[in-house]
Amino acid sequence: MDNVINYMEIWVREYMEVLIEKIDGCQCDKCKRDIYTLALNNLKPYYVATPLGKIMAKLESTKQQVETDIIVQVTKAINKVSINPNHDR
Ligand SMILES: [Zn+2]
């Protein structure tokens with residue numbers, strides 16, 4: 001099953017980088033991993049086979065539909081992890 005991608009992973013990673021800076025969350029690998037897994041577990045996966053022409057347009061419209069959910073879940077995850085980080089402050 002080569003070339004099957006969960007696009008939600010890519011989007012969560014993308015928004016996580018932006019939102020961590022905006023909210024001023026911890027940027028260490030441990031926290032990022034926790035935020036990433038926490039957010040992904042609360043979002044529906046979106047699997048696609050290798051993106052080609054037509055699929056890219058579909059991807060963009062799907063991304064717009066799920067964008068709010070992603071922002072909400074990633075923000076929640078950042079807040080949760082920064083209250084209780086997996087390391088000493
Ligand atoms: Zn940290």
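User: What makes Cys26, Cys28, Cys31 and His87 the protein donors of the zinc ion?

Analyst: Distance. In this predicted model, Cys26 (SG), Cys28 (SG), Cys31 (SG) and His87 (NE2) lie 2.0 to 2.3 Å from the zinc ion. A donor must be an N, O or S atom within 2.8 Å of the metal. These atoms therefore count as donors. Along the chain they follow the spacing C-x1-C-x2-C-x55-H.

User: Why is the site of the zinc ion called tetrahedral?

Analyst: The angles decide. Four donors count as tetrahedral if all angles lie between 85 and 135 degrees. The 4 donor atoms here make angles of 93 to 124°. The site is therefore tetrahedral. Ideal angles for four tetrahedral donors are 109.5 degrees.

User: How many disulfides does the rule give?

Analyst: The count is 0. The rule asks for a pair of cysteine sulfur atoms within 2.5 Å.

User: How many aromatic pairs are there, and what makes the pair of tyrosine 7 and tryptophan 11 tilted?

Analyst: The whole structure holds 2 aromatic pairs. In the pair of tyrosine 7 and tryptophan 11, the ring centres are 5.6 Å apart and the planes meet at 55°. Stacked needs under 30 degrees and edge-to-face needs over 60. Tyrosine 7 has a relative accessible area of 12%, so tyrosine 7 is buried. Tryptophan 11 is buried as well, at 4%.

User: Why is the pair of tryptophan 11 and tyrosine 46 called stacked?

Analyst: The planes of tryptophan 11 and tyrosine 46 are at 20°, with ring centres 5.8 Å apart. That angle is under 30 degrees, so the pair is stacked. This pair links distant parts of the chain. Tryptophan 11 is in helix α1, while tyrosine 46 is in the loop between α2 (29-41) and β2 (47-48), 35 residues apart. Tyr7, Trp11 and Tyr46 form one aromatic cluster.

User: How do you know that the span of α2 agrees with its 13 residues?

Analyst: At 1.5 Å a residue, α2 should span 18 Å. Its end C-alpha atoms are 18 Å apart, so the two agree.

User: What makes the buried residues of α2 line one face of the helix?

Analyst: Cys31, Lys32, Ile35, Tyr36, Ala39 and Leu40 are buried in α2. Seen down the axis, the buried residues fall within an arc of 155°, so they line one face. Arg33 and Asn41 are exposed on the other side of α2.

User: Why is aspartate 24 called exposed?

Analyst: Aspartate 24 has a relative accessible area of 68%. That is over 50%, so aspartate 24 is exposed. Its place is in the loop between α1 and α2. Aspartate 24 also has a positive phi of about 70°, although it is not a glycine.

Note on methods
Residues numbered from 1 in each chain as written. Predicted model: local features only at pLDDT ≥ 70, side-chain atom pairs only at ≥ 80, totals over all residues. Heavy atoms only, no water. Donors = N, O, S within 2.8 Å, 3.2 Å for Na, K, Ca; no water. Tetrahedral: all angles 85-135°; square planar, octahedral: opposite > 155°, others 65-115°. Phe/Tyr/Trp six-rings, centres within 6.5 Å; stacked < 30°, edge-to-face > 60°. Buried < 20%, exposed > 50% of the residue type's maximum accessible area, 1.4 Å probe, protein only. Helix = DSSP H or I, 4+ residues; strand = E, 2+ residues; numbered from the N terminus. Expected span 1.5 Å × (residues − 1). Arc of directions from axis to C-beta.
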